[in-house]
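Subject: Structure for you to look at

Hello,

Here is the structure I said I would pass on. Please open it first, then read the notes below it.

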Amino acid sequence: MTETELLEHADYLLRLALSKNPNMDDAEDLVSETIISALKSIRSGKKIENPKAFLSGILFHKFTDGLRKKYSKPVLYEGFSSDFFMDNEPSVLDKMIMREDAENIRKSIASQTRNYREVLVRYYIHGQSVGKISDELGIPVNTVKSRLNTARQNVKQEFNRNMEKFEKESYEPQWLTVGVSGEVDNPDFSPFSMVNDDRIAQNLLILAYENPVTIPELAGAIGISVAYIEPVIDRLLEYDFMKKVGDKVATNFAIYKDEDYIESAKYDKALAEKLYRPLWEDLQPVLENLRNQDFFKRQNSEAKTILEVYTMLMILQYITLKMTLERRGLKFGLNMDESDDFFISHKGWHGYALGNLYTTDFRYDWDYFTGYLCTQLNGCHTVEIPDYKGLKSIATHAYDVSFGWTFTKWYSLPAALSGTSVAKALYALYSGEEEDLCVINSRFFEDVEELKRLRILKSEEASENEDKICVNIPVLSKTEHEWLKSEIIHKTINHLYEKYKDDFQDFFQHPVKIPEHLGKMKDFYEYLIRGNCFPVAVIYQIVWNGLYLAGRDFQKDPVPVMVMTLGDKN
């Protein structure tokens, strides 16, 4: 990659930066730091095979470095000379001290006996010379030097003992995102934002995951006073993200690491390579039925492709969910509330929470063969607005996939549209009520070119000198959308489940390690992410092998797996 080619990725980096921090100024600073760092690497002769992965990795590191600085406790060195702990050369402990709270040093000094404490305070805090201390205390100079040396070693040992109670999260916070397999009550504000926007809450959940711990133990491990973390823990308990275990608390859901997903993807992809051809043949009847529907026939060619991919992904995902549920002896239904014991109610949400733990050296990897992000399927994200513009409802239904539109990508756009804003903006364009766009989000039009690239929108000639921006995804009535829960869909899912049941047992040969305190949910979480990569991997194999959309490059020519539905008029 040359310096010129590097700058061609600036827009991509800005979208990625805005997905991390919606503040435009902060995002631009993050991009600038990333480009400068990348330029240094290029000029040093580094060979870069995958520019996007390389740049994403740098940006992510810069972002996490910024978070560490933001969430680190302030370092207070008032009254301490800079060489307090310095020997001839800085030690590892010296470097740790430079980024730890000076209050720990004061506590260590306070634990020393008077003879040692008074020479420490006089020399390091008040800046007195050895000679002056000797004169005022009436002791020989060599005695002062000896006491200083012994006292300094004592303080180091005491400080080290204090630091042993601190876990890594106290000085290098990790990044945990939390989602739900189910539904949230409010698409614009969910209780998960309490965790995803709070680094302290994230690291408390990480610390309480492997084993139940007391609140004082959590405070000691994270290096924050009990009084400050108690309100955070109370909120986590209130929304069932934590639970009481005797006098201790524990994280009440599974936390999956990057290696868990990588391992799972490996088996999912192998099974997809084995089954994609017979599955493609078995999907033909339902696709033919879809193509015969009136709502399908009225769509443009791109919207027809979206409906086909949407239907295939839905069927393949529901097969994996059916396996996971029925393995626990639970009934599966196309609606979540039809599935026994799945729609567990909590405050503000329904279903099961799940966490994703990313380490500080996490790298985005969009390669099909080496990573899992290229094939990971997060399920269909539905946002519904009741009683809108004279309709009983409007809604968007979108699969989060790497080869097309993803719900996450809305947050990488400058407008940073929220869930309901997406639906409102698309409806304004579809209905021709474009004046509503400025009310919905005044910066919407900054995103038009990117939305056209993602094929969510398209341009149509409206007059000789003007193009009209149109919605490019399928728009169905709510009744038409019910075809996706029709008898033929049920039969297809059940048929494929029974036909490939033995093959699908591969999903259950390699469980994820889950803590015992999760009780009856342990076996569910052991296999919850198994099969996540299977549906998208099947689609990739079908396309790569020329059975469907032959030769289409999903990264350059994406398929936005998204449908909009409109309810009847009020």
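T396 is buried, because its relative accessibility is 1% and the cut-off for buried is under 20%. T396 lies in strand 8, which covers residues 391-399. Apart from neighbours within four places in sequence, T396 has contacts with H381, T382, V383, V422, A423, L426, M562, V563 and M564. Keep in mind that this is a predicted model.

For the chain as a whole, there are 24 helices and twelve strands. The chain has 570 residues, and 52% of them are buried. Its accessible surface is about 26800 Å², with 47% belonging to carbon and sulfur atoms. Among contacts with a separation of 6 or more, 70% are between residues 24 or more positions apart.

Next, the charged pairs. Side chains of opposite charge can pair when their charged atoms come close. The count of salt bridges is 19. Three of them are described here.

R122 and E136 form a salt bridge, with 2.4 Å between the closest N and O atoms. R122 is in helix 7 and E136 in helix 8, 14 residues apart, and the pair links distant parts of the chain. E136 counts as partly exposed, at 42% relative accessibility. What sits in the loop between these two helices? Q128 is found there, between helix 7 (114-125) and helix 8 (130-137). Q128 counts as buried because its relative accessibility is 16%. Leaving aside neighbours within four places in sequence, Q128 is in contact with both partners of the bridge, R122 and E136, and also with Y123 and I133.

E480 forms a salt bridge with R298, and the closest N and O atoms are 2.8 Å apart. E480 lies in helix 20 (residues 478-481) and R298 in the loop between helix 15 and helix 16 (301-327), so this bridge ties together parts 182 residues apart in sequence. E480 is partly exposed, with a relative accessible area of 21%, and R298 is also partly exposed, at 49%. The C-alpha atom of E480 is 9.1 Å from that of D294, although the two residues are 186 apart along the chain. D294 lies in helix 15 (residues 294-297) and counts as exposed at 62% relative accessibility.

K522 and E526 meet in a salt bridge of 2.6 Å, N to O. Both lie in helix 23 (residues 522-527), four residues apart, which is about one turn of the helix.

On the surface, D25, D26, E28, D29 and E33 gather in a patch of negative charge. One of them, D25, is found in helix 3 (residues 24-43) and counts as exposed at 51% relative accessibility.

Finally, two backbone angles. D240 is not a glycine, yet it has a positive phi of about 70°. D240 is placed in the loop between helix 13 (226-238) and strand 2 (242-245), and is partly exposed at 27%. D387 also is not a glycine and has a positive phi, of about 50°. D387 is found in strand 7 (residues 380-388) and is exposed, with a relative accessible area of 57%.

Regards

Technical notes. Residues are numbered from 1 along each chain as its sequence is written. This is a predicted model: local features need pLDDT of at least 70, side-chain atom pairs count only at pLDDT 80 or more; totals for chains, interfaces and linings use all residues. Side-chain values use heavy atoms; hydrogens and water are left out. Patches are made of residues with over 30% relative accessible area and no salt bridge: like charges are joined within 9 Å, nonpolar side chains (Val, Leu, Ile, Met, Phe, Trp, Tyr) within 5 Å. Accessible areas come from the Shrake-Rupley method with a 1.4 Å probe; for residues, only the protein chains shown count as cover. A salt bridge is a side-chain nitrogen of Lys or Arg within 4 Å of a carboxyl oxygen of Asp or Glu. Lys and Arg count as positive and Asp and Glu as negative; His and the chain ends are not counted. The place of a charge is taken as NZ of Lys, CZ of Arg, CG of Asp or CD of Glu. Buried means under 20% relative accessible area, exposed over 50%, partly exposed in between (1.4 Å probe, protein chains only). Contact means heavy atoms within 4.5 Å.
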